Amino acid sequence: MPYIPTERRDEIDNELTQQGAGWQPSNAGDLNWLVTTFIDNMLNEKGIRYAHINEMIGALECCKLELYRRIASPYEDQVKEKNGDAYYSQLPVWESDY
């Protein structure tokens with residue numbers, strides 16, 4: 001959640017000023033606060049309208065999906081190969097109508 005202590009928010013602002021794009025959050029709360037800040041800045045600039053909210057939710061969803069596709073899924077495949085599959089049911093083989 002983005003509700004981190006005010007002191008930490010100030011620390012992040014200073015860290016971002018010093019480190020720029022190299023800044024790394026120390027936990028999920030820091031990351032959530034930063035993303036929330038970017039969204040809030042955009043809402044303040046563009047206004048609170050459904051279209052703007054929808055754009056931001058779409059961008060967040062695409063970020064989430066890309067993280068899963070590029071990082072989480074391949075990692076899960078590696079762990080599955082190492083530890084064995086958790087699914088024993090099989091998809092049916094469908095006959096093609098072509």
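This is a predicted model: local features need pLDDT of at least 70, side-chain atom pairs count only at pLDDT 80 or more; totals for chains, interfaces and linings use all residues.
**Entry 1: the surroundings of R8**

Leaving aside residues up to four places away in sequence, I found R8 in contact with E15, W23, S26 and D30. I then checked which helix holds R8, and its place is in helix α1, which covers residues 6–19.

Next I asked myself: is R8 buried or exposed? R8 has a relative accessibility of 16%, and because buried means under 20%, R8 counts as buried.

**Entry 2: R8 and E11**

I turned to a partner of R8 within the helix. The side chains of R8 and E11 are joined by a polar contact of 3.0 Å. The pair also forms a salt bridge, with 3.0 Å between the closest N and O atoms. Both residues belong to helix α1 and sit three residues apart, which is about one turn of the helix.

An α-helix has 3.6 residues a turn, so residues three or four places apart point the same way.

E11 comes out at 40% and counts as partly exposed, whereas R8, at 16%, is buried.

**Entry 3: counting salt bridges**

How many salt bridges does a search of the whole structure find? I noted seven.

- R69 and E66 meet through their side chains in a salt bridge, 2.8 Å from N to O. These two are about one helical turn apart, because they lie three residues from each other in helix α3.
- R70 and E66 form a salt bridge as well, at 3.9 Å from N to O. Here the spacing is four residues in helix α3, so this pair is also separated by about one helical turn.

I also noted a network in which salt bridges with shared partners link R8, E11, E15 and D30.

**Entry 4: accessibility around E66**

R69 has 52% relative accessibility; exposed means over 50%, so R69 counts as exposed. R70 is exposed too, with a relative accessible area of 53%. E66, at 34%, is partly exposed.

**Entry 5: the course of α3**

Last, I followed helix α3 itself, which spans residues 50–83. Where does α3 bend? I found a bend of about 40° at Y68. After the helix comes G84, and I noted that the phi of G84 is positive, near 95°.

Terms used:
Residues are numbered from 1 along each chain as its sequence is written. Side-chain values use heavy atoms; hydrogens and water are left out. The bend at a residue is the angle between axes fitted to the seven residues ending there and the seven starting there. Buried means under 20% relative accessible area, exposed over 50%, partly exposed in between (1.4 Å probe, protein chains only). A polar contact is a pair of N or O atoms within 3.5 Å; within protein, one must be able to donate a hydrogen and the other to accept it, and residues adjacent in sequence count only if both atoms are side-chain atoms. Contact means heavy atoms within 4.5 Å. A salt bridge is a side-chain nitrogen of Lys or Arg within 4 Å of a carboxyl oxygen of Asp or Glu.
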